[in-house]
Amino acid sequence: MFALVWTNFTRKKGRLALTLLSVLIAFLLFGMLMAARQVFSPQLGNLDKSRLLTHNKVAMMSPLPVAYAQRIAHIPGVKAVSYITVMLGWYQDQKNRFAVQAVPAASIFDAYPELTVSPAERKVWTNDRDGALVTPDLMQAYGWKIGERVPVMSNLQKKDGTSTWDVTIDGTIVNSAHKDAKARVMAIHYKYLNEGRAANQDTVMMFMELPDDPGKATAVAQAIDSTFENASPQVSTSTTKTMVHNAIRQAGDIGGIIVDVAIAVFFSMLLVVGAIMFQSARERHVEFAALRALGFTRSAILRMVIGESLLTCIIGGLLGIGLAALLVNVFQDKLQNFPQSMDLTSIAVLIAVGLMIGFGLLAAAAPVSQLWRLSIREALGRT
Amino acid sequence: MSATEATVTNETTTAATALVQLKDVVKTYQRGSETVQVLQKLSLDVPRGDFLALMGPSGSGKTTLMNLLGGLDKPTSGQVIIDDQPIHQLSDSALAKWRARHVGFVFQLYHLLPVLNAERNIELPLLLTKLSHSERKKRVAAALSLVGLQDRGKHKPAELSGGQEQRVGIARAIVTDPTILLCDEPTGDLDRKAGDEILELLQVLNTEHGKTIVMVTHDPHAAACAKRTLFMNKGVLGEEPEA
């Protein structure tokens, strides 16, 4: 019986190709959107709720005086403070981009105890003015070796008019709180960057504070902001989680938009596939009536039609999700610096399979309803 | 014979041994607000091994009678008993299963599935049985051989002539070895030569293979190939055409 369903399924190759293509595109979009939702949705459970980040109150990316670090360090409740300035770097080709984080060797490991570097490599790096620590992913991406001299091109101009920062790879750095995260990051000395850059000397992009008591993070944040209330520039302090959450919300509720787009896409797909299935079944009323005359029960005929609809949605859907998985891998490389990785999760795939089955059944509803009422003698002209 | 109560029996067969028994069958249809009585208390016995031709003008009720015999429709009242089975009492689903086992339909327009080749068209009714694939293939080959199309099994309907398509239709009708063959204008869409070949084939099936055949036709030449002919007029059966 499956052979009969398959033969009918493939009877009009052109129409089948176009139908499968529409389902494929719908599930390709679904897969990509679900993967993108991982990046944009505020599911930030793995981000730190206690570590504080202090940035310019007026504009998040505007610089702050590095001297603020001393004042923050003296605020009660602050256990450790460090700072960071980030520039975009690339190796050999602009496509090979990664984040270059300039941090002070003296305090970064106090503010981020989860950063893991071997003691020997840390010692080398601490004493190496233009040394760099890189994540294993970045090391592997360009085949760098410890001790190798690497020219890092950047968007930050130097005093000498160039924008190439020569660094020595001193070791690897791993964030033990996010071991599985794929990140291409290079850490260099703040001092090296600050002395070399053409503008914005003695400023940083952000301060990071570790409170004595994680439960009092909010109070410490308020204390930091109060300290600089009358300063210029003023600052705004929040937990890592809140800051990332707000940054994402500023870009709009992308997660919500994604869901809306997905619903619209699927609704369109359902209409297209449903219309095609309806037309396909209507063209074969006489054949179905003949089959019923031969002894095929009504339910056998309906199962055939439902089977064709399911095949359309499942084959097209699996092709679409498979293609989405391939593309997600491609795009993943371009989203190294997002806090969440772009990933087509197994749950998303399961949801997709459920939708394939659901839409297959729904798309068959109209032809099934029509065939249920089919009169053999009327369809065969036997009146 | 009464105009409202027609009983036609074969002289050599009693009702007790008849394969097909119709008793006081009435069939009415609703057309808008009008009720049309198509069959009027019709009774008919068809003995096993008979080849009966049903003739009559369009709208006389021939096809309605065939629909009742084939379990495609149910009488408004009366009984339709085939091989001792009162099929008028069966549900739609049970009727479908009954048709699969007991009835072979031969249609005027063949109604072959265009996407399937001759073999697979013939195999269709066998898909409803529990026969194995190899057993089905054997039966299909035998049916193809019986209708003289051994070398056309892989051809699709569009690659066959009308006569060959009807032969495939007949092979599909007999492949399950049904109790009765119901042929609705089997030569109506064919030229004389191809029509004669089909009629000859039906005669062979009747005389050599013992198939009971009921055939609706407008063509006296086709009816002449049957063992007997009945005439239908305004829902009443008779042995002579209406003057």
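Guide: In chain B, six strands make an open sheet with mixed pairing, and the order across it is β7-β8-β9-β4-β10-β11. At the two edges you'll find β7 (103-106) and β11 (236-238) of chain B; each has a single partner strand, so one side of each is left without a neighbour in the sheet. On average, neighbouring strands here are turned by 20° against each other, if you ignore direction. Keep in mind as we go that this is a predicted model.

Helix α5 (residues 162-174) of chain B lies across β7 and β8 (180-184) of chain B, and runs at about 170° to β7(B).

Stepping back to the whole of chain B, there are seven helices and 11 strands. Of its 243 residues, 51% are buried. If you take the contacts in chain B with a separation of 6 or more, 72% of them are between residues 24 or more positions apart.

Chain B also has a partner to touch. On the chain A side, 21 residues are in contact with 20 residues of chain B. Three helices of chain A, namely α1 (2-9), α11 (285-294) and α15 (376-379), each supply at least two residues of that side. The largest share comes from α11(A), with seven residues. By class, the residues on the chain A side split into 10 nonpolar, five polar and six charged.

While you're at α11 of chain A, have a look at Glu287(A), which lies in that helix. Glu287(A) has 19 other C-beta atoms within 10 Å, which makes it partly exposed. Glu287(A) and Ile376(A) are 89 residues apart in sequence, yet their C-alpha atoms are 9.9 Å apart in space.

On one hand, β10(A) pairs with strand β4 (residues 97-103) of chain A in the parallel sense, over five bridges; Val103(A) has His189(A) in β10(A) as its bridge partner. On the other hand, strand β6 (residues 131-134) of chain A runs antiparallel to β10(A) and is joined to it by three bridges, with Ala132(A) bridged to Ile188(A) in β10(A).

One last stop in chain A is a helix pair. The axes of helix α12 (residues 298-332) and helix α14 (residues 365-372) of chain A come within 10 Å and cross at roughly 160°. That angle makes α12(A) roughly antiparallel to α14(A), and the crossing is right-handed. From α12(A), Arg298(A), Ile301(A), Leu302(A), Val305(A) and Ile306(A) meet Pro367(A), Val368(A), Leu371(A) and Trp372(A) of α14(A). Sorted by class, that contact between α12(A) and α14(A) has eight nonpolar residues, one charged and no polar.

Key
Residues numbered from 1 in each chain as written. Chains lettered and ligands numbered in written order. Predicted model: local features only at pLDDT ≥ 70, side-chain atom pairs only at ≥ 80, totals over all residues. Axes fitted to C-alpha atoms, helices over the stretch in contact; angles between N-to-C directions. Helix = DSSP H or I, 4+ residues; strand = E, 2+ residues; numbered from the N terminus. Parallel < 35°, antiparallel > 145°, perpendicular 65-115°, else oblique. Left-handed = near helix turned anticlockwise from the far one by under 90°. Contact = placed C-beta atoms within 7 Å. Nonpolar A, V, L, I, M, F, W, Y, C, P; charged D, E, K, R; others polar. Buried ≥ 20, exposed ≤ 12 C-beta atoms within 10 Å, placed from the backbone. Pairing = 2+ DSSP bridges.
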